[in-house]
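These entries record what I looked up on charged side-chain pairs. I begin with the count and then take the pairs in turn.

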Amino acid sequence: MPFEDLLPFLEEEIEDADEVLWKVTPLFAEWLSSPTNPLFTSGILTSSSTVLELGCGISPLNAFAMAQRISHYVLSDQDYVQKLVAQNLSANSMPVRKPKSKAKPLQTGDVLFRPLDWEQDEVTPSLAAPAASFDLVLATDCVFNYALVEPFVQTCVDVCALRRREVDDGGDGAACLCVIAQQLRNDEVFRLWLSAFMDKFNVWRVKGELLGALERDGFVVHVGVLRDTT
């Protein structure tokens with residue numbers, strides 16, 4: 001399904017990084033699981049989709065919210081959180097098959113954990129296996145200091161570029177979307193992130209009336225599509 005089908009759910013494309021401020025809450029997972037979530041009603045995500053979450057921490061909450069509606073959900077973060085992610089998956093009635101080595105992912109049904117350090121690791125198609133790329137990459141509350149901005153944005157670029165290369169090689173699929181939700185801690189960090197993100201992506205904000213309780217809590221969700229490099 002082309003990205004244009006999502007546009008009716010978005011505000012005007014953002015042109016100025018000084019325009020937007022936000023506050024995030026745990027209701028993001030509830031929004032993802034809503035039957036009226038525009039990512040699903042627009043056809044961007046389907047039962048065959050593969051989704052990557054960046055900086056998941058120890059919580060698989062977003063994965064639980066989406067796993068039953070898509071094909072594969074990949075949680076990612078630094079390797080040290082892997083054990084706690086496994087424990088939390090198990091505690092929520094999703095038995096985990098433990099890997100024989102650190103190099104192999106934890107897997108539970110359609111939810112996997114794969115280590116990904118934004119500064120150290122290369123993004124390759126193996127991150128999406130058994131798919132070759134992702135339909136969507138999401139992150140919640142990941143950018144809260146200056147040092148994280150550049151590696152985070154570059155990782156978003158690298159992940160979305162997997163789909164572009166797959167299509168260039170003759171594969172099918174629409175552009176990989178980047179969906180970001182954040183909590184306002186520092187105006188300058190936010191503006192730095194948004195400016196850097198807009199350098200690489202065309203950026204929109206999901207319309208407030210579609211966010212329900214999220215809007216009442218000051219939650220803002222941004223959608224990015226990787227810019228053409230030609």
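I looked up the salt bridges (a side-chain nitrogen of Lys or Arg within 4 Å of a carboxyl oxygen of Asp or Glu) and found four in the structure. The model is predicted, so I note that local features need pLDDT of at least 70 and side-chain atom pairs pLDDT 80 or more, while totals for chains, interfaces and linings use all residues. Residues are numbered from 1 along each chain as its sequence is written, and side-chain values use heavy atoms, without hydrogens and water.

Entry on Asp135. I find Asp135 paired with Arg163 in a salt bridge, with 3.1 Å between the closest N and O atoms. Asp135 sits in the loop between E4 and E5 and Arg163 in helix H5 (residues 146–168), so the pair ties together parts 28 residues apart in sequence. Helices (H or I, at least four residues) and strands (E, at least two) are DSSP runs, numbered from the N terminus. Asp135 is buried because its relative accessible area is 19%; buried means under 20%, exposed over 50% and partly exposed in between (1.4 Å probe, protein chains only). I also note a polar atom of the Asp135 side chain 2.8 Å from the backbone nitrogen of Thr50.

Entry on Arg163. I record Arg163 as buried, at 6% relative accessibility. Arg163 also meets Glu166 in a salt bridge (3.4 Å, N to O).

Entry on Arg164. I find its side chain in a salt bridge with Asp228, at 3.7 Å, N to O.

Terms used
Polar contact = N/O pair within 3.5 Å; in protein donor to acceptor, adjacent residues only side chain to side chain.
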